[in-house]
Amino acid sequence: MLQGLAPVWSPQARLLVLGSFPGVASLQAQQYYGHPRNHFWPILSTLWGLDLRALAYGKRLEVATARGLAIWDVYASCEREGSLDSAIRAAQPNDLAGLVRRMPALQAVAHNGGESARSIKITGALGLPAYRLPSTSPANAAWSFDRKLLAWREVFARHGLLDG
């Protein structure tokens, strides 16, 4: 049974981005979106006009939380060989409601990809808008970087995360 990562959050978070479960590279590095070809950090870098990839991981998280972003996953643990969401088995959910209660400024939840979005009814029941964003995973090759960026920009702008 694989164990996920702790949430990255602050009470001032306005948007919670939920992945499904960290891939092998992320688990090995103990970092969200640790695969070098994942578009998560490049998308945030473009949206915020900062090269987050050049920063140490801890500093990236400081920048993200300072700008109102929280990061977690839908699943706390699961069985899986490799990194594909389709290989996830025996998944145990994270306590999303418990985390949301600790973020009074939270305005919305954004699911990073289809597997995460399977929980959209759960997150929608938290009383906040819930969005399905295109996966930043390198496995989502059907979406170009620019197309992903447009979708992410719309949600970030709607909830004030583009204001420096």
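This is a predicted model: local features need pLDDT of at least 70, side-chain atom pairs count only at pLDDT 80 or more; totals for chains, interfaces and linings use all residues.
1. Three strands make up an open sheet, running in the order E1-E4-E5 with antiparallel pairing. Strand E1 (2-3) and strand E5 (89-93) sit at the edges, and each has a single partner strand, so one side of each has no neighbour in the sheet. As background, strands of a sheet pair through backbone hydrogen bonds, in either a parallel or an antiparallel way.

2. Now for the pairing of E4 with E5. These two strands run antiparallel to each other, and the pairing covers 3 bridges.

3. Ser 77 itself belongs to strand E4 (residues 75-79). Is Ser 77 buried or exposed? With a relative accessibility of 8%, Ser 77 counts as buried, because the cut-off for that is under 20%.

4. Who does Ser 77 touch? Setting aside neighbours within four places in sequence, Ser 77 is in contact with Met 1, Leu 2, Gln 3, Phe 21, Ala 90, Ala 91 and Gln 92. For a sense of distance, take Lys 148: Ser 77 and Lys 148 are 71 residues apart in sequence, and their C-alpha atoms are 27 Å apart in space.

5. Next, have a look at His 159, which you'll find in the segment after helix H7 (145-158). His 159 has a relative accessible area of 7%, so this residue is buried too.

6. Which residues does His 159 touch, not counting those up to four places away in sequence? They are Arg 14, Gln 107, Ala 108 and Tyr 131. With Gln 107 there is also a polar contact: the two side chains are joined at 2.9 Å.

7. On to the largest pocket, with a volume of about 620 Å³. Its lining is made up of 31 residues, and the closest to the pocket's centre are Asn 38, Ser 83, Asp 85, Ser 135 and Ser 137.

8. Which elements give two or more residues to that lining? Helix H1 (24-29), helix H5 (114-117) and strand E7 (130-133) do. H1 provides the largest share, with 3 residues.

9. Last, the make-up of the pocket's lining. By residue type, the lining of the largest pocket splits into 14 polar, 12 nonpolar and 5 charged residues.

How values were computed. Residues are numbered from 1 along each chain as its sequence is written. Side-chain values use heavy atoms; hydrogens and water are left out. Helices (H or I, at least four residues) and strands (E, at least two) are DSSP runs, numbered from the N terminus. Buried means under 20% relative accessible area, exposed over 50%, partly exposed in between (1.4 Å probe, protein chains only). A polar contact is a pair of N or O atoms within 3.5 Å; within protein, one must be able to donate a hydrogen and the other to accept it, and residues adjacent in sequence count only if both atoms are side-chain atoms. Contact means heavy atoms within 4.5 Å. Two strands pair if DSSP finds at least two bridges between them. On a 1 Å grid over the protein atoms alone, a cavity is a set of points where a 1.4 Å probe fits but cannot get out, and a pocket is an open set with protein on both sides within 12 Å along at least five of seven lines; lining residues have an atom within 4 Å of a point. Grid points are joined across faces, edges and corners, and a volume is the space filled by probe spheres set on the points. Ala, Val, Leu, Ile, Met, Phe, Trp, Tyr, Cys and Pro count as nonpolar, Asp, Glu, Lys and Arg as charged, and the others, Gly among them, as polar.
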